[in-house]
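Keep the viewer open as you read.

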Amino acid sequence: MMVYTYVGYFAAGLAVQVLVAKILKLCWIVLWRPYALIKSFEKQGIKGPSYSILHGTLPEMKTLLKAANEVILDTNCHDIAQRVQPHYNRWSAEYGEVFLFWRGVQPAIRIADPKLAKQILSDKSGAYAQPQFDHRLLSFAGNGVGQLNGPDWVRHRSILTPAFTKDKLKLMTKRMAACTIDMIDDWKNRARIADHQNITIEMSEEFKKLTCDVITHTAFGSNYVEGGEVFKAQDELIHHCVATMADLYIPGSRFLPTPSNRQMWKMENNVNNSLRRLIQGRLESAQARGNLDGCYGDDVLGLLVEASKTTNKSLKLTMDEIIDECKQFFFSGHETTAKLLTWTIFLLSLHQEWQERLREEVLTECGMGIPDADMVSKLKLLNMVLLETLRLYCPVLETLRETSRATKLGDFLIPKGVFITIQLVQLHRSKEYWGEDANDFNPLRFKNGVSQAAKHPNAFLGFGMGPRTCLGQNFAMLEVKLVLSLLLQRFSFFLSPEYKHAPANYLTMEAQYGVPTIVKPLLSK
Ligand code: HEM
(Lines give C-alpha, C1' and ligand atoms only; values in the text may rest on other atoms or scores of the structure.)
Protein backbone atom coordinates (compact mmCIF):
# COMPACT_ATOMS: atom_id res chain seq x y z
CA MET A 1 0.00 0.00 0.00
CA MET A 2 2.82 2.27 1.11
CA VAL A 3 4.65 1.56 -2.13
CA TYR A 4 1.60 2.55 -4.16
CA THR A 5 1.31 5.81 -2.24
CA TYR A 6 4.96 6.64 -2.97
CA VAL A 7 4.51 5.76 -6.63
CA GLY A 8 1.39 7.94 -6.66
CA TYR A 9 3.28 10.90 -5.11
CA PHE A 10 6.19 10.36 -7.45
CA ALA A 11 3.93 10.26 -10.52
CA ALA A 12 2.01 13.32 -9.38
CA GLY A 13 5.29 15.15 -8.70
CA LEU A 14 6.59 14.19 -12.13
CA ALA A 15 3.37 15.33 -13.78
CA VAL A 16 3.61 18.69 -12.01
CA GLN A 17 7.25 19.05 -13.10
CA VAL A 18 6.37 18.21 -16.71
CA LEU A 19 3.47 20.66 -16.59
CA VAL A 20 5.62 23.43 -15.14
CA ALA A 21 8.32 22.76 -17.75
CA LYS A 22 5.70 22.93 -20.50
CA ILE A 23 4.25 26.18 -19.13
CA LEU A 24 7.73 27.71 -18.88
CA LYS A 25 8.53 26.62 -22.43
CA LEU A 26 5.28 28.12 -23.65
CA CYS A 27 6.05 31.39 -21.84
CA TRP A 28 9.49 31.37 -23.42
CA ILE A 29 8.08 30.83 -26.91
CA VAL A 30 5.14 33.19 -26.62
CA LEU A 31 6.54 35.98 -24.43
CA TRP A 32 10.18 35.98 -23.49
CA ARG A 33 11.72 34.96 -26.83
CA PRO A 34 9.76 37.54 -28.84
CA TYR A 35 10.62 40.23 -26.28
CA ALA A 36 14.34 39.33 -26.30
CA LEU A 37 14.46 39.10 -30.10
CA ILE A 38 12.69 42.43 -30.59
CA LYS A 39 15.22 44.09 -28.27
CA SER A 40 18.20 42.42 -29.93
CA PHE A 41 17.01 43.40 -33.43
CA GLU A 42 16.23 46.95 -32.30
CA LYS A 43 19.85 47.34 -31.20
CA GLN A 44 20.86 46.51 -34.78
CA GLY A 45 18.39 49.03 -36.20
CA ILE A 46 15.86 46.39 -37.33
CA LYS A 47 12.31 47.29 -36.33
CA GLY A 48 8.89 46.07 -37.31
CA PRO A 49 5.16 45.96 -36.61
CA SER A 50 4.12 45.14 -33.03
CA TYR A 51 4.04 41.54 -31.93
CA SER A 52 0.74 40.35 -30.53
CA ILE A 53 0.81 37.29 -28.27
CA LEU A 54 0.47 34.00 -30.18
CA HIS A 55 -0.76 35.70 -33.36
CA GLY A 56 2.37 37.77 -34.04
CA THR A 57 1.65 40.09 -36.94
CA LEU A 58 -0.79 37.75 -38.69
CA PRO A 59 -3.92 39.81 -37.82
CA GLU A 60 -2.55 42.99 -39.45
CA MET A 61 -1.36 40.97 -42.41
CA LYS A 62 -4.78 39.38 -42.86
CA THR A 63 -6.58 42.73 -42.63
CA LEU A 64 -4.28 44.34 -45.20
CA LEU A 65 -4.56 41.35 -47.54
CA LYS A 66 -8.35 41.33 -47.26
CA ALA A 67 -8.53 45.05 -48.14
CA ALA A 68 -6.05 44.64 -51.01
CA ASN A 69 -8.08 41.76 -52.45
CA GLU A 70 -10.97 44.18 -52.99
CA VAL A 71 -8.88 46.52 -55.12
CA ILE A 72 -8.85 46.34 -58.91
CA LEU A 73 -5.72 47.83 -60.44
CA ASP A 74 -5.46 49.73 -63.69
CA THR A 75 -4.80 47.10 -66.38
CA ASN A 76 -1.55 48.77 -67.39
CA CYS A 77 -0.24 48.97 -63.83
CA HIS A 78 2.56 46.51 -63.13
CA ASP A 79 3.34 47.98 -59.72
CA ILE A 80 1.54 45.11 -58.08
CA ALA A 81 3.39 44.71 -54.75
CA GLN A 82 0.74 46.94 -53.12
CA ARG A 83 -1.90 44.36 -54.03
CA VAL A 84 -0.17 40.99 -53.69
CA GLN A 85 1.86 41.70 -50.56
CA PRO A 86 0.38 44.88 -49.07
CA HIS A 87 1.74 44.04 -45.61
CA TYR A 88 5.34 44.10 -46.83
CA ASN A 89 4.66 47.37 -48.63
CA ARG A 90 3.22 48.97 -45.50
CA TRP A 91 5.96 47.68 -43.21
CA SER A 92 8.88 48.55 -45.50
CA ALA A 93 7.51 52.10 -45.85
CA GLU A 94 7.32 52.36 -42.06
CA TYR A 95 10.36 50.41 -40.86
CA GLY A 96 12.79 50.39 -43.77
CA GLU A 97 14.14 47.81 -46.22
CA VAL A 98 14.92 45.15 -43.59
CA PHE A 99 12.23 44.60 -40.97
CA LEU A 100 11.08 42.06 -38.41
CA PHE A 101 7.61 40.52 -38.47
CA TRP A 102 5.94 37.49 -36.94
CA ARG A 103 4.20 34.49 -38.50
CA GLY A 104 2.44 33.66 -35.24
CA VAL A 105 5.28 33.08 -32.78
CA GLN A 106 7.77 32.52 -35.59
CA PRO A 107 10.09 35.52 -36.09
CA ALA A 108 10.85 36.48 -39.69
CA ILE A 109 13.06 39.05 -41.37
CA ARG A 110 12.12 40.42 -44.76
CA ILE A 111 14.83 41.42 -47.20
CA ALA A 112 14.71 42.58 -50.83
CA ASP A 113 18.38 43.31 -51.43
CA PRO A 114 20.30 41.33 -54.07
CA LYS A 115 23.57 41.34 -52.10
CA LEU A 116 21.95 39.83 -49.02
CA ALA A 117 19.89 37.46 -51.20
CA LYS A 118 23.07 36.24 -52.86
CA GLN A 119 24.76 35.66 -49.52
CA ILE A 120 21.81 33.55 -48.34
CA LEU A 121 21.09 31.59 -51.49
CA SER A 122 24.69 30.79 -52.40
CA ASP A 123 25.51 29.60 -48.88
CA LYS A 124 26.78 26.02 -48.76
CA SER A 125 27.53 25.82 -45.05
CA GLY A 126 23.95 24.97 -44.07
CA ALA A 127 23.52 28.21 -42.08
CA TYR A 128 20.40 29.06 -44.12
CA ALA A 129 18.25 25.95 -44.19
CA GLN A 130 14.94 25.21 -45.83
CA PRO A 131 12.38 25.77 -43.02
CA GLN A 132 10.44 22.79 -41.71
CA PHE A 133 6.92 23.64 -42.75
CA ASP A 134 3.80 22.75 -40.89
CA HIS A 135 2.03 19.55 -41.75
CA ARG A 136 -0.53 21.24 -44.01
CA LEU A 137 2.13 22.15 -46.56
CA LEU A 138 3.97 18.84 -46.39
CA SER A 139 0.76 16.85 -46.83
CA PHE A 140 0.14 18.32 -50.27
CA ALA A 141 3.59 19.45 -51.43
CA GLY A 142 5.37 16.30 -50.27
CA ASN A 143 8.46 16.23 -48.08
CA GLY A 144 10.59 16.12 -51.21
CA VAL A 145 13.81 17.69 -52.45
CA GLY A 146 12.53 21.27 -52.04
CA GLN A 147 11.86 20.75 -48.34
CA LEU A 148 14.85 18.62 -47.33
CA ASN A 149 18.18 19.70 -45.87
CA GLY A 150 21.66 18.22 -45.41
CA PRO A 151 22.59 14.75 -46.70
CA ASP A 152 18.94 13.86 -47.51
CA TRP A 153 18.70 16.88 -49.79
CA VAL A 154 22.01 15.96 -51.51
CA ARG A 155 20.78 12.39 -52.07
CA HIS A 156 17.38 13.44 -53.48
CA ARG A 157 18.83 16.19 -55.66
CA SER A 158 21.43 13.75 -57.12
CA ILE A 159 18.70 11.24 -57.94
CA LEU A 160 16.38 13.78 -59.54
CA THR A 161 18.91 15.84 -61.49
CA PRO A 162 19.25 13.24 -64.32
CA ALA A 163 15.51 13.65 -65.04
CA PHE A 164 16.26 17.12 -66.42
CA THR A 165 19.33 16.58 -68.62
CA LYS A 166 19.27 18.08 -72.12
CA ASP A 167 18.70 14.67 -73.72
CA LYS A 168 15.83 13.79 -71.39
CA LEU A 169 14.23 17.18 -72.05
CA LYS A 170 14.52 16.67 -75.80
CA LEU A 171 12.63 13.40 -75.41
CA MET A 172 9.91 15.18 -73.42
CA THR A 173 9.36 17.78 -76.17
CA LYS A 174 7.12 15.42 -78.14
CA ARG A 175 4.90 14.73 -75.12
CA MET A 176 4.66 18.46 -74.35
CA ALA A 177 3.74 19.26 -77.97
CA ALA A 178 1.13 16.47 -78.11
CA CYS A 179 -0.62 17.82 -74.99
CA THR A 180 -0.60 21.36 -76.45
CA ILE A 181 -2.02 20.18 -79.78
CA ASP A 182 -4.86 18.50 -77.85
CA MET A 183 -5.64 21.84 -76.22
CA ILE A 184 -5.45 23.65 -79.56
CA ASP A 185 -7.82 21.14 -81.15
CA ASP A 186 -10.24 21.76 -78.32
CA TRP A 187 -10.04 25.53 -78.90
CA LYS A 188 -10.66 25.03 -82.62
CA ASN A 189 -13.68 22.88 -81.84
CA ARG A 190 -15.04 25.50 -79.52
CA ALA A 191 -14.62 28.14 -82.23
CA ARG A 192 -16.40 25.87 -84.71
CA ILE A 193 -19.31 25.17 -82.37
CA ALA A 194 -19.67 28.85 -81.50
CA ASP A 195 -19.88 29.43 -85.25
CA HIS A 196 -17.81 32.56 -85.18
CA GLN A 197 -14.14 33.41 -85.51
CA ASN A 198 -13.26 34.60 -82.03
CA ILE A 199 -13.72 32.79 -78.78
CA THR A 200 -13.16 33.99 -75.22
CA ILE A 201 -10.99 31.71 -73.13
CA GLU A 202 -10.07 32.03 -69.47
CA MET A 203 -6.33 31.45 -69.70
CA SER A 204 -5.37 30.58 -66.14
CA GLU A 205 -7.74 27.58 -65.97
CA GLU A 206 -6.80 26.49 -69.47
CA PHE A 207 -3.06 26.59 -68.77
CA LYS A 208 -3.51 24.86 -65.45
CA LYS A 209 -5.18 21.96 -67.25
CA LEU A 210 -2.43 21.92 -69.87
CA THR A 211 0.49 21.98 -67.42
CA CYS A 212 -1.21 19.25 -65.34
CA ASP A 213 -1.47 17.18 -68.47
CA VAL A 214 2.19 17.76 -69.36
CA ILE A 215 3.49 17.02 -65.86
CA THR A 216 1.31 13.90 -65.64
CA HIS A 217 2.67 12.56 -68.95
CA THR A 218 6.28 13.34 -67.97
CA ALA A 219 5.94 11.93 -64.47
CA PHE A 220 3.95 8.81 -65.28
CA GLY A 221 4.49 8.11 -69.01
CA SER A 222 2.25 5.24 -70.02
CA ASN A 223 0.45 5.38 -66.64
CA TYR A 224 -0.71 8.91 -67.29
CA VAL A 225 -4.42 8.12 -66.88
CA GLU A 226 -4.00 6.70 -63.35
CA GLY A 227 -1.38 9.38 -62.60
CA GLY A 228 -3.83 12.05 -63.71
CA GLU A 229 -6.38 10.78 -61.18
CA VAL A 230 -3.79 10.97 -58.40
CA PHE A 231 -2.80 14.50 -59.28
CA LYS A 232 -6.47 15.50 -59.42
CA ALA A 233 -6.86 14.21 -55.86
CA GLN A 234 -3.68 16.05 -54.86
CA ASP A 235 -5.03 19.25 -56.36
CA GLU A 236 -8.14 18.95 -54.19
CA LEU A 237 -5.91 18.44 -51.18
CA ILE A 238 -3.88 21.54 -52.13
CA HIS A 239 -7.06 23.62 -52.30
CA HIS A 240 -8.31 22.31 -49.00
CA CYS A 241 -5.00 23.09 -47.24
CA VAL A 242 -4.38 26.46 -48.88
CA ALA A 243 -7.75 27.67 -47.64
CA THR A 244 -6.45 27.29 -44.07
CA MET A 245 -2.86 28.45 -44.60
CA ALA A 246 -3.29 32.05 -43.40
CA ASP A 247 -4.82 30.81 -40.14
CA LEU A 248 -2.75 30.51 -37.01
CA TYR A 249 -1.11 27.09 -36.87
CA ILE A 250 -1.04 25.56 -33.40
CA PRO A 251 1.58 22.79 -33.17
CA GLY A 252 -0.09 19.44 -32.54
CA SER A 253 -3.50 20.63 -33.75
CA ARG A 254 -3.17 18.44 -36.82
CA PHE A 255 -3.82 15.38 -34.66
CA LEU A 256 -7.22 16.65 -33.49
CA PRO A 257 -10.13 14.92 -35.26
CA THR A 258 -11.77 18.16 -36.41
CA PRO A 259 -13.99 17.91 -39.53
CA SER A 260 -11.34 19.77 -41.52
CA ASN A 261 -8.52 17.49 -40.33
CA ARG A 262 -10.59 14.38 -40.96
CA GLN A 263 -11.26 15.50 -44.52
CA MET A 264 -7.56 16.25 -44.99
CA TRP A 265 -6.50 12.82 -43.67
CA LYS A 266 -8.93 11.13 -46.03
CA MET A 267 -7.63 13.06 -49.05
CA GLU A 268 -4.01 12.49 -48.04
CA ASN A 269 -4.56 8.75 -47.65
CA ASN A 270 -6.25 8.64 -51.00
CA VAL A 271 -3.28 10.33 -52.73
CA ASN A 272 -0.66 8.25 -50.88
CA ASN A 273 -2.41 4.93 -51.48
CA SER A 274 -2.93 5.63 -55.18
CA LEU A 275 0.73 6.55 -55.60
CA ARG A 276 1.75 3.42 -53.69
CA ARG A 277 -0.35 1.32 -56.09
CA LEU A 278 1.28 2.98 -59.11
CA ILE A 279 4.77 2.34 -57.77
CA GLN A 280 3.90 -1.25 -56.92
CA GLY A 281 2.52 -1.69 -60.43
CA ARG A 282 5.82 -0.53 -61.93
CA LEU A 283 7.81 -2.91 -59.77
CA GLU A 284 5.53 -5.83 -60.66
CA SER A 285 5.52 -5.18 -64.39
CA ALA A 286 9.32 -4.97 -64.39
CA GLN A 287 9.41 -8.25 -62.47
CA ALA A 288 6.99 -9.85 -64.95
CA ARG A 289 9.36 -8.87 -67.78
CA GLY A 290 12.17 -10.47 -65.79
CA ASN A 291 13.50 -6.90 -65.60
CA LEU A 292 16.08 -7.90 -68.20
CA ASP A 293 16.66 -4.31 -69.26
CA GLY A 294 16.92 -3.13 -65.62
CA CYS A 295 14.49 -0.39 -66.61
CA TYR A 296 11.37 0.81 -64.81
CA GLY A 297 10.29 3.30 -67.48
CA ASP A 298 11.79 6.41 -69.11
CA ASP A 299 9.58 8.78 -67.11
CA VAL A 300 10.22 10.41 -63.73
CA LEU A 301 8.42 7.61 -61.87
CA GLY A 302 10.70 5.07 -63.57
CA LEU A 303 13.76 7.00 -62.42
CA LEU A 304 12.48 7.15 -58.85
CA VAL A 305 11.49 3.46 -58.74
CA GLU A 306 14.92 2.56 -60.08
CA ALA A 307 16.39 4.50 -57.15
CA SER A 308 14.46 2.28 -54.75
CA LYS A 309 16.17 -0.80 -56.17
CA THR A 310 19.76 0.36 -56.23
CA THR A 311 22.26 -1.06 -53.76
CA ASN A 312 24.11 2.26 -53.71
CA LYS A 313 22.98 3.80 -50.39
CA SER A 314 23.79 7.35 -51.49
CA LEU A 315 21.34 7.01 -54.40
CA LYS A 316 18.59 4.95 -52.75
CA LEU A 317 15.01 6.05 -52.10
CA THR A 318 12.37 4.41 -49.90
CA MET A 319 8.74 3.94 -50.98
CA ASP A 320 7.62 6.90 -48.83
CA GLU A 321 10.35 9.09 -50.30
CA ILE A 322 9.19 8.23 -53.83
CA ILE A 323 5.64 9.18 -52.88
CA ASP A 324 6.90 12.50 -51.51
CA GLU A 325 8.93 13.21 -54.64
CA CYS A 326 5.94 12.47 -56.90
CA LYS A 327 3.85 14.94 -54.92
CA GLN A 328 6.65 17.50 -54.98
CA PHE A 329 7.12 17.12 -58.73
CA PHE A 330 3.45 17.87 -59.32
CA PHE A 331 3.29 20.68 -56.78
CA SER A 332 6.41 22.54 -57.96
CA GLY A 333 5.97 21.77 -61.60
CA HIS A 334 2.55 22.73 -62.82
CA GLU A 335 1.12 25.79 -60.99
CA THR A 336 4.29 27.83 -61.50
CA THR A 337 4.51 27.04 -65.20
CA ALA A 338 0.79 27.67 -65.70
CA LYS A 339 1.18 31.10 -64.09
CA LEU A 340 4.11 32.01 -66.33
CA LEU A 341 2.05 31.07 -69.40
CA THR A 342 -0.98 32.99 -68.17
CA TRP A 343 0.86 36.22 -67.38
CA THR A 344 2.79 36.04 -70.65
CA ILE A 345 -0.44 35.87 -72.63
CA PHE A 346 -1.75 38.77 -70.52
CA LEU A 347 1.31 40.91 -71.29
CA LEU A 348 1.33 39.97 -74.97
CA SER A 349 -2.35 40.92 -75.19
CA LEU A 350 -1.54 44.31 -73.67
CA HIS A 351 1.52 44.79 -75.89
CA GLN A 352 0.35 43.82 -79.36
CA GLU A 353 3.58 45.03 -80.95
CA TRP A 354 5.50 42.42 -78.93
CA GLN A 355 2.98 39.75 -79.83
CA GLU A 356 3.61 40.51 -83.51
CA ARG A 357 7.40 40.47 -83.07
CA LEU A 358 7.27 37.10 -81.34
CA ARG A 359 4.97 35.63 -84.00
CA GLU A 360 7.40 36.76 -86.69
CA GLU A 361 10.30 35.22 -84.81
CA VAL A 362 8.47 31.90 -84.37
CA LEU A 363 7.45 31.78 -88.04
CA THR A 364 11.04 32.56 -89.11
CA GLU A 365 12.67 29.94 -86.88
CA CYS A 366 10.04 27.20 -86.87
CA GLY A 367 7.67 27.89 -89.79
CA MET A 368 4.26 26.35 -89.21
CA GLY A 369 5.63 22.99 -88.08
CA ILE A 370 5.88 21.62 -84.57
CA PRO A 371 9.04 23.11 -83.10
CA ASP A 372 11.69 20.87 -81.56
CA ALA A 373 13.99 21.72 -78.66
CA ASP A 374 16.72 23.08 -80.96
CA MET A 375 14.34 25.43 -82.80
CA VAL A 376 12.89 26.66 -79.53
CA SER A 377 16.36 27.48 -78.21
CA LYS A 378 16.78 30.00 -81.07
CA LEU A 379 13.80 32.12 -79.98
CA LYS A 380 15.73 35.01 -78.41
CA LEU A 381 12.91 37.54 -78.28
CA LEU A 382 10.58 35.01 -76.72
CA ASN A 383 13.22 34.30 -74.10
CA MET A 384 13.43 38.03 -73.26
CA VAL A 385 9.65 38.32 -72.98
CA LEU A 386 9.53 35.34 -70.63
CA LEU A 387 12.25 36.77 -68.41
CA GLU A 388 10.44 40.10 -68.29
CA THR A 389 7.19 38.31 -67.39
CA LEU A 390 9.01 36.38 -64.66
CA ARG A 391 10.38 39.66 -63.37
CA LEU A 392 7.06 41.50 -63.23
CA TYR A 393 4.74 38.58 -62.41
CA CYS A 394 7.06 36.07 -60.73
CA PRO A 395 5.05 32.89 -60.02
CA VAL A 396 7.09 32.37 -56.82
CA LEU A 397 6.62 35.57 -54.83
CA GLU A 398 9.19 34.96 -52.12
CA THR A 399 11.78 32.41 -51.10
CA LEU A 400 12.26 31.41 -47.51
CA ARG A 401 15.15 30.20 -45.37
CA GLU A 402 15.63 29.61 -41.66
CA THR A 403 18.87 30.26 -39.81
CA SER A 404 20.13 26.96 -38.43
CA ARG A 405 22.57 28.82 -36.14
CA ALA A 406 23.40 32.42 -35.22
CA THR A 407 24.65 33.89 -38.48
CA LYS A 408 26.14 37.12 -39.79
CA LEU A 409 24.09 38.43 -42.70
CA GLY A 410 25.63 41.59 -44.17
CA ASP A 411 26.08 43.76 -41.07
CA PHE A 412 23.35 42.01 -39.09
CA LEU A 413 23.64 39.19 -36.60
CA ILE A 414 20.64 36.90 -37.07
CA PRO A 415 19.97 34.47 -34.20
CA LYS A 416 19.18 30.81 -34.76
CA GLY A 417 15.63 29.87 -35.77
CA VAL A 418 14.68 33.09 -37.57
CA PHE A 419 12.98 32.90 -40.97
CA ILE A 420 14.40 35.12 -43.70
CA THR A 421 12.06 35.88 -46.54
CA ILE A 422 13.50 37.21 -49.79
CA GLN A 423 10.69 39.20 -51.36
CA LEU A 424 11.11 38.65 -55.10
CA VAL A 425 8.17 40.89 -56.02
CA GLN A 426 9.99 43.88 -54.51
CA LEU A 427 13.51 42.86 -55.52
CA HIS A 428 12.35 42.58 -59.14
CA ARG A 429 11.02 46.14 -59.23
CA SER A 430 13.57 48.00 -57.16
CA LYS A 431 14.31 51.29 -58.95
CA GLU A 432 17.80 51.25 -57.43
CA TYR A 433 18.69 48.17 -59.50
CA TRP A 434 16.25 48.25 -62.42
CA GLY A 435 16.10 51.99 -63.06
CA GLU A 436 13.19 54.41 -63.27
CA ASP A 437 11.25 52.15 -65.63
CA ALA A 438 11.31 49.24 -63.14
CA ASN A 439 7.52 48.90 -63.30
CA ASP A 440 7.32 49.00 -67.10
CA PHE A 441 7.20 46.05 -69.46
CA ASN A 442 10.47 46.27 -71.35
CA PRO A 443 11.80 42.86 -72.49
CA LEU A 444 14.80 44.49 -74.18
CA ARG A 445 16.39 45.03 -70.79
CA PHE A 446 17.28 41.31 -71.02
CA LYS A 447 18.95 41.60 -74.44
CA ASN A 448 22.41 40.94 -72.96
CA GLY A 449 21.25 38.19 -70.64
CA VAL A 450 19.99 38.03 -67.07
CA SER A 451 23.20 39.08 -65.35
CA GLN A 452 23.42 42.31 -67.39
CA ALA A 453 19.76 43.30 -67.12
CA ALA A 454 20.03 45.20 -63.84
CA LYS A 455 22.71 46.99 -61.84
CA HIS A 456 23.26 43.83 -59.78
CA PRO A 457 23.54 40.37 -61.42
CA ASN A 458 21.26 38.83 -58.77
CA ALA A 459 18.46 41.39 -58.89
CA PHE A 460 16.52 38.76 -60.87
CA LEU A 461 15.73 35.59 -58.93
CA GLY A 462 12.72 34.18 -60.77
CA PHE A 463 14.19 30.67 -60.51
CA GLY A 464 16.25 31.32 -57.38
CA MET A 465 20.03 30.85 -57.46
CA GLY A 466 22.84 28.85 -55.89
CA PRO A 467 22.77 25.18 -54.93
CA ARG A 468 18.98 25.14 -54.54
CA THR A 469 18.21 26.87 -57.81
CA CYS A 470 15.03 25.58 -59.47
CA LEU A 471 15.53 22.00 -60.55
CA GLY A 472 12.84 22.27 -63.22
CA GLN A 473 13.96 25.59 -64.74
CA ASN A 474 14.97 24.17 -68.13
CA PHE A 475 11.91 21.93 -68.20
CA ALA A 476 9.63 24.92 -67.48
CA MET A 477 11.29 27.21 -70.02
CA LEU A 478 11.20 24.54 -72.71
CA GLU A 479 7.54 23.81 -72.04
CA VAL A 480 6.50 27.47 -72.02
CA LYS A 481 8.43 28.28 -75.20
CA LEU A 482 7.00 25.30 -77.00
CA VAL A 483 3.42 26.04 -75.95
CA LEU A 484 3.68 29.73 -76.85
CA SER A 485 5.28 28.97 -80.23
CA LEU A 486 2.45 26.61 -81.12
CA LEU A 487 -0.13 29.18 -79.99
CA LEU A 488 1.45 32.18 -81.70
CA GLN A 489 1.59 30.23 -84.98
CA ARG A 490 -2.17 29.69 -84.86
CA PHE A 491 -3.88 32.42 -82.87
CA SER A 492 -3.75 36.06 -81.90
CA PHE A 493 -4.71 37.22 -78.41
CA PHE A 494 -6.55 40.26 -77.07
CA LEU A 495 -7.64 41.02 -73.51
CA SER A 496 -11.36 40.58 -73.00
CA PRO A 497 -13.23 43.72 -71.79
CA GLU A 498 -14.28 41.56 -68.82
CA TYR A 499 -10.71 41.31 -67.57
CA LYS A 500 -10.11 42.72 -64.07
CA HIS A 501 -6.47 43.34 -63.16
CA ALA A 502 -6.14 41.62 -59.80
CA PRO A 503 -2.88 39.72 -59.29
CA ALA A 504 -3.06 37.89 -55.97
CA ASN A 505 -0.86 35.79 -53.75
CA TYR A 506 -2.33 32.32 -53.64
CA LEU A 507 0.89 30.38 -52.98
CA THR A 508 1.83 31.40 -56.53
CA MET A 509 1.04 34.64 -58.39
CA GLU A 510 -2.58 34.12 -59.32
CA ALA A 511 -4.98 36.21 -61.42
CA GLN A 512 -7.80 36.57 -58.89
CA TYR A 513 -10.54 36.80 -61.52
CA GLY A 514 -8.72 34.83 -64.18
CA VAL A 515 -7.50 36.20 -67.50
CA PRO A 516 -10.43 36.08 -69.95
CA THR A 517 -8.83 36.49 -73.36
CA ILE A 518 -10.24 36.86 -76.86
CA VAL A 519 -8.60 34.24 -79.03
CA LYS A 520 -8.67 34.78 -82.77
CA PRO A 521 -7.72 31.87 -85.06
CA LEU A 522 -5.17 33.01 -87.65
CA LEU A 523 -5.52 30.14 -90.10
CA SER A 524 -8.30 27.67 -90.56
CA LYS A 525 -5.83 24.76 -90.50
C1 HEM B 1 7.92 29.01 -64.33
C2 HEM B 1 8.07 27.94 -63.61
C3 HEM B 1 8.87 27.85 -62.34
C4 HEM B 1 9.32 28.83 -61.50
C5 HEM B 1 9.12 30.33 -61.63
C6 HEM B 1 10.04 28.17 -60.43
C7 HEM B 1 10.68 28.84 -59.40
C8 HEM B 1 11.44 28.23 -58.45
C9 HEM B 1 12.19 28.91 -57.44
C10 HEM B 1 12.25 30.42 -57.24
C11 HEM B 1 12.84 27.97 -56.70
C12 HEM B 1 13.82 28.23 -55.57
C13 HEM B 1 13.15 28.19 -54.24
C14 HEM B 1 14.11 28.42 -53.12
O15 HEM B 1 15.24 28.87 -53.31
O16 HEM B 1 13.67 28.18 -52.00
C17 HEM B 1 12.46 26.68 -57.21
C18 HEM B 1 12.88 25.47 -56.70
C19 HEM B 1 12.46 24.26 -57.18
N20 HEM B 1 11.73 24.02 -58.32
FE21 HEM B 1 10.96 25.41 -59.53
N22 HEM B 1 10.00 26.83 -60.65
C23 HEM B 1 9.31 26.58 -61.81
C24 HEM B 1 9.07 25.36 -62.40
C25 HEM B 1 9.45 24.15 -61.88
C26 HEM B 1 9.18 22.87 -62.49
C27 HEM B 1 8.48 22.66 -63.83
C28 HEM B 1 9.67 21.92 -61.64
C29 HEM B 1 9.66 20.43 -61.78
C30 HEM B 1 9.15 19.77 -62.75
C31 HEM B 1 10.28 22.61 -60.52
C32 HEM B 1 10.89 22.00 -59.46
C33 HEM B 1 11.55 22.66 -58.45
C34 HEM B 1 12.20 21.98 -57.35
C35 HEM B 1 12.21 20.48 -57.12
C36 HEM B 1 12.78 22.98 -56.55
C37 HEM B 1 13.55 22.77 -55.26
C38 HEM B 1 15.02 22.61 -55.54
C39 HEM B 1 15.85 22.37 -54.30
O40 HEM B 1 15.48 22.82 -53.23
O41 HEM B 1 16.90 21.75 -54.45
N42 HEM B 1 10.12 23.96 -60.71
N43 HEM B 1 11.63 26.85 -58.29
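Predicted model: local features only at pLDDT ≥ 70, side-chain atom pairs only at ≥ 80, totals over all residues.

Residues are numbered from 1 along each chain as its sequence is written, and side-chain values use heavy atoms, with hydrogens and water left out.

Some terms before going on. Helices (H or I, at least four residues) and strands (E, at least two) are DSSP runs numbered from the N terminus, and two strands pair if DSSP finds at least two bridges between them. S4 and S12 (residues 516-521) run antiparallel and are joined by 4 bridges, with Thr 200 standing opposite Ile 518 in S12.

Contact here means heavy atoms within 4.5 Å; axes are lines fitted to C-alpha atoms, for helices over the stretch in contact, and angles run from 0 to 180 degrees between N-to-C directions.

## The five-stranded sheet

Another open sheet has 5 strands, ordered S1-S2-S8-S5-S3, with mixed pairing. Its edge strands are S1 (99-103) and S3 (128-129), each pairing on one side only. Further in, S5 (residues 398-403) and S8 (residues 419-423) run antiparallel and share 5 bridges; Glu 398 has Gln 423 in S8 as its bridge partner.

Helix H4 (residues 86-95) packs on this sheet, touching S1, S2 (106-111), S5 and S8, and its direction makes about 145° with that of S1. Helix H5 (residues 114-121) lies across S2, S3, S5 and S8, running at about 130° to S8.

## Aromatic rings

The model has 22 aromatic pairs. To count, rings of Phe, Tyr and Trp (its six-membered ring) need centres within 6.5 Å; planes under 30 degrees apart are stacked, over 60 edge-to-face, and the rest tilted. Which kind of pair do Phe 220 and Phe 231 make? Their ring centres are 5.0 Å apart and their planes are at 50°, so the pair is tilted. Phe 220 belongs to helix H9 and Phe 231 to helix H10 (residues 224-242), 11 residues apart, and the pair links distant parts of the chain.

Phe 220 is buried at a relative accessible area of 0%, and Phe 231 is buried at 3%. (Buried is under 20% relative accessible area, exposed over 50%, partly exposed in between, using a 1.4 Å probe and protein chains only.) Elsewhere, Tyr 88, Trp 91, Phe 99 and Phe 101 form one aromatic cluster.

## Charges over rings

The charged end of Arg 357 sits over the ring of Trp 354, 4.3 Å from its centre. Likewise, the charged end of Lys 500 sits over the ring of Tyr 513, 4.3 Å from its centre. The rule asks for NZ of Lys or CZ of Arg within 6 Å of the ring centre and within 35 degrees of the ring normal.

## The iron site

Which protein atom is a donor to the iron atom of the ligand? The only one is SG of Cys 470, at 2.3 Å. Donors are N, O and S atoms within 2.8 Å of the metal (3.2 Å for Na, K and Ca), and water is not among the atoms, so sites may look incomplete. Cys 470 is found in the loop between helix H18 (431-434) and helix H19 (473-490).

## Two leucines with positive phi

Most residues other than glycine have a negative phi. Leu 54, however, has a positive phi near 70°. Leu 54 is placed in the loop between helix H1 (2-43) and helix H2 (58-68), and is partly exposed at 39% relative accessible area.

Leu 507 also has a positive phi, of about 70°, and is partly exposed at 37%. This residue is in the turn of a hairpin formed by S10 and S11, with 1 residue between the strands.
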